[in-house]
Amino acid sequence: MALNADNALDSDAFALGVIFAFCEMVAAGVKQLALSEPATPERMQAILPEARRMAEQFKVELYLETDLIQTDLFPAYQAGGKQVLLIYRGDALERYLALKRERERLSLGRGYAGEPRRRLARAWGKLLSYSDARINELMAQNAPT
(Lines give C-alpha, C1' and ligand atoms only; values in the text may rest on other atoms or scores of the structure.)
Protein backbone atom coordinates (compact mmCIF):
# COMPACT_ATOMS: atom_id res chain seq x y z
CA MET A 1 0.00 0.00 0.00
CA ALA A 2 1.18 3.49 -0.72
CA LEU A 3 1.96 5.70 2.25
CA ASN A 4 2.16 9.46 2.19
CA ALA A 5 4.69 11.64 4.04
CA ASP A 6 2.74 11.20 7.30
CA ASN A 7 2.87 7.40 6.97
CA ALA A 8 -0.87 7.37 6.30
CA LEU A 9 -2.45 5.37 3.52
CA ASP A 10 -2.55 7.40 0.31
CA SER A 11 -6.17 6.85 -0.70
CA ASP A 12 -5.65 8.12 -4.26
CA ALA A 13 -2.78 5.70 -4.82
CA PHE A 14 -4.88 2.87 -3.38
CA ALA A 15 -7.85 3.76 -5.62
CA LEU A 16 -5.58 3.84 -8.66
CA GLY A 17 -4.11 0.47 -7.70
CA VAL A 18 -7.61 -0.99 -7.65
CA ILE A 19 -8.35 0.56 -11.04
CA PHE A 20 -5.09 -0.81 -12.44
CA ALA A 21 -5.93 -4.32 -11.25
CA PHE A 22 -9.45 -4.14 -12.67
CA CYS A 23 -8.18 -2.80 -16.01
CA GLU A 24 -5.90 -5.80 -16.21
CA MET A 25 -8.72 -8.21 -15.29
CA VAL A 26 -11.10 -6.76 -17.87
CA ALA A 27 -8.37 -6.76 -20.53
CA ALA A 28 -7.63 -10.42 -19.76
CA GLY A 29 -11.30 -11.35 -20.05
CA VAL A 30 -11.61 -12.35 -16.39
CA LYS A 31 -14.33 -9.74 -15.84
CA GLN A 32 -16.78 -8.25 -18.32
CA LEU A 33 -17.17 -5.07 -16.32
CA ALA A 34 -15.56 -3.83 -13.12
CA LEU A 35 -16.16 -0.92 -10.76
CA SER A 36 -13.76 1.48 -9.16
CA GLU A 37 -14.44 2.31 -5.56
CA PRO A 38 -17.02 5.06 -5.13
CA ALA A 39 -15.43 8.49 -4.82
CA THR A 40 -16.52 12.06 -4.30
CA PRO A 41 -16.62 14.10 -7.51
CA GLU A 42 -13.52 16.01 -6.38
CA ARG A 43 -11.52 12.87 -5.67
CA MET A 44 -12.66 11.28 -8.92
CA GLN A 45 -11.45 14.29 -10.89
CA ALA A 46 -8.07 14.00 -9.17
CA ILE A 47 -7.57 10.35 -10.18
CA LEU A 48 -9.34 10.39 -13.55
CA PRO A 49 -6.35 11.42 -15.73
CA GLU A 50 -4.23 8.53 -14.43
CA ALA A 51 -7.19 6.12 -14.67
CA ARG A 52 -7.61 7.10 -18.33
CA ARG A 53 -3.93 6.46 -18.95
CA MET A 54 -4.27 2.99 -17.41
CA ALA A 55 -7.35 2.21 -19.48
CA GLU A 56 -5.50 3.22 -22.63
CA GLN A 57 -2.54 1.04 -21.64
CA PHE A 58 -4.80 -2.00 -21.22
CA LYS A 59 -7.04 -1.13 -24.18
CA VAL A 60 -10.20 -1.05 -22.06
CA GLU A 61 -12.89 1.60 -21.79
CA LEU A 62 -13.95 3.81 -18.87
CA TYR A 63 -17.37 5.28 -18.19
CA LEU A 64 -17.82 7.84 -15.43
CA GLU A 65 -21.05 6.89 -13.68
CA THR A 66 -22.58 9.55 -11.46
CA ASP A 67 -25.71 7.56 -10.56
CA LEU A 68 -24.82 3.88 -10.16
CA ILE A 69 -27.66 1.42 -10.54
CA GLN A 70 -29.16 0.42 -7.20
CA THR A 71 -30.09 -3.23 -6.76
CA ASP A 72 -30.04 -5.74 -3.93
CA LEU A 73 -26.47 -6.62 -4.88
CA PHE A 74 -24.95 -3.74 -2.90
CA PRO A 75 -26.12 -1.58 0.01
CA ALA A 76 -28.08 1.44 -1.22
CA TYR A 77 -25.80 3.87 0.64
CA GLN A 78 -22.59 2.55 -0.94
CA ALA A 79 -22.44 4.90 -3.94
CA GLY A 80 -24.95 7.56 -2.91
CA GLY A 81 -23.69 10.98 -3.96
CA LYS A 82 -20.47 9.48 -5.28
CA GLN A 83 -19.04 8.65 -8.68
CA VAL A 84 -17.78 5.30 -9.94
CA LEU A 85 -15.72 4.34 -12.95
CA LEU A 86 -17.07 1.44 -14.98
CA ILE A 87 -14.18 -0.43 -16.57
CA TYR A 88 -15.25 -2.57 -19.52
CA ARG A 89 -14.75 -3.89 -23.03
CA GLY A 90 -17.20 -4.73 -25.79
CA ASP A 91 -20.90 -4.28 -25.20
CA ALA A 92 -20.77 -4.36 -21.38
CA LEU A 93 -21.61 -0.65 -21.08
CA GLU A 94 -24.68 -1.00 -23.31
CA ARG A 95 -25.83 -3.98 -21.24
CA TYR A 96 -25.30 -2.03 -18.00
CA LEU A 97 -27.27 0.95 -19.32
CA ALA A 98 -30.07 -1.41 -20.42
CA LEU A 99 -30.23 -2.84 -16.89
CA LYS A 100 -30.35 0.67 -15.49
CA ARG A 101 -33.21 1.63 -17.84
CA GLU A 102 -35.07 -1.55 -16.86
CA ARG A 103 -34.62 -0.71 -13.17
CA GLU A 104 -36.02 2.79 -13.77
CA ARG A 105 -38.94 1.43 -15.80
CA LEU A 106 -39.84 -1.10 -13.12
CA SER A 107 -39.58 1.52 -10.38
CA LEU A 108 -41.90 3.93 -12.20
CA GLY A 109 -44.54 1.25 -12.63
CA ARG A 110 -44.13 -0.01 -9.06
CA GLY A 111 -42.98 -3.32 -10.53
CA TYR A 112 -39.60 -3.29 -8.82
CA ALA A 113 -40.39 -6.07 -6.35
CA GLY A 114 -40.34 -9.83 -6.08
CA GLU A 115 -38.94 -11.80 -9.00
CA PRO A 116 -38.27 -8.78 -11.29
CA ARG A 117 -36.20 -7.20 -8.49
CA ARG A 118 -34.22 -10.44 -7.93
CA ARG A 119 -33.77 -10.96 -11.68
CA LEU A 120 -32.30 -7.48 -12.08
CA ALA A 121 -29.85 -7.94 -9.20
CA ARG A 122 -28.77 -11.30 -10.65
CA ALA A 123 -28.23 -9.78 -14.10
CA TRP A 124 -26.12 -7.00 -12.55
CA GLY A 125 -24.05 -9.58 -10.67
CA LYS A 126 -23.53 -11.62 -13.85
CA LEU A 127 -22.38 -8.51 -15.72
CA LEU A 128 -19.82 -8.00 -12.95
CA SER A 129 -18.74 -11.63 -13.55
CA TYR A 130 -19.71 -12.74 -10.03
CA SER A 131 -20.41 -16.41 -9.35
CA ASP A 132 -23.96 -17.51 -8.56
CA ALA A 133 -22.88 -18.24 -5.00
CA ARG A 134 -21.48 -14.72 -4.54
CA ILE A 135 -24.58 -13.14 -6.08
CA ASN A 136 -26.76 -15.13 -3.66
CA GLU A 137 -24.61 -14.02 -0.68
CA LEU A 138 -24.78 -10.36 -1.64
CA MET A 139 -28.51 -10.47 -2.30
CA ALA A 140 -29.12 -12.14 1.07
CA GLN A 141 -27.09 -9.39 2.80
CA ASN A 142 -28.71 -6.46 0.98
CA ALA A 143 -32.29 -7.45 0.14
CA PRO A 144 -35.02 -5.55 1.97
CA THR A 145 -36.48 -7.36 4.94
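In this predicted model, helix H4 passes helix H5 in a right-handed crossing. Helix H3, by contrast, passes H4 in a left-handed crossing.

**H4 and H5**
- The axes of H4 and H5 (residues 132-142) come within 10 Å and cross at roughly 130°; H4 is therefore oblique to H5.
- On the H4 side, the residues that meet H5 are Arg-118, Ala-121, Arg-122, Gly-125 and Lys-126. Their counterparts in H5 are Asp-132, Ile-135, Asn-136 and Met-139.
- By residue class, the contact of H4 with H5 comprises 3 nonpolar, 2 polar and 4 charged residues.

**H3 and H4**
- H3 (residues 92-108) packs against H4 (residues 114-127) at an angle of about 165°, and their axes lie 11 Å apart. H3 is therefore roughly antiparallel to H4, an angle over 145° being the criterion.
- H3 contributes Ala-92, Arg-95, Tyr-96, Leu-99, Glu-102, Arg-103 and Leu-106 to the contact. H4 contributes Pro-116, Arg-119, Leu-120, Ala-123, Trp-124 and Leu-127.
- The residues of the contact of H3 with H4 divide into 9 nonpolar and 4 charged, with no polar residues.

- Arg-105 counts as exposed because its relative accessibility is 52%, and the threshold is over 50%.
- The side chain of Arg-105 forms a polar contact of 2.8 Å with the side chain of Glu-102. Glu-102 is also among the H3 residues in the contact with H4.
- Phe-74 lies 31 residues from Arg-105 along the chain, and the C-alpha atoms of the two residues are separated by 20 Å.

Methods: Residues are numbered from 1 along each chain as its sequence is written. This is a predicted model: local features need pLDDT of at least 70, side-chain atom pairs count only at pLDDT 80 or more; totals for chains, interfaces and linings use all residues. Side-chain values use heavy atoms; hydrogens and water are left out. Axes are lines fitted to C-alpha atoms, for helices over the stretch in contact, and angles run from 0 to 180 degrees between N-to-C directions. Helices (H or I, at least four residues) and strands (E, at least two) are DSSP runs, numbered from the N terminus. Angles under 35 degrees count as roughly parallel, over 145 as roughly antiparallel, 65 to 115 as roughly perpendicular and the rest as oblique. A crossing is left-handed if the near helix is turned anticlockwise from the far one by less than a right angle, and right-handed if clockwise. Contact means heavy atoms within 4.5 Å. Ala, Val, Leu, Ile, Met, Phe, Trp, Tyr, Cys and Pro count as nonpolar, Asp, Glu, Lys and Arg as charged, and the others, Gly among them, as polar. Buried means under 20% relative accessible area, exposed over 50%, partly exposed in between (1.4 Å probe, protein chains only). A polar contact is a pair of N or O atoms within 3.5 Å; within protein, one must be able to donate a hydrogen and the other to accept it, and residues adjacent in sequence count only if both atoms are side-chain atoms.
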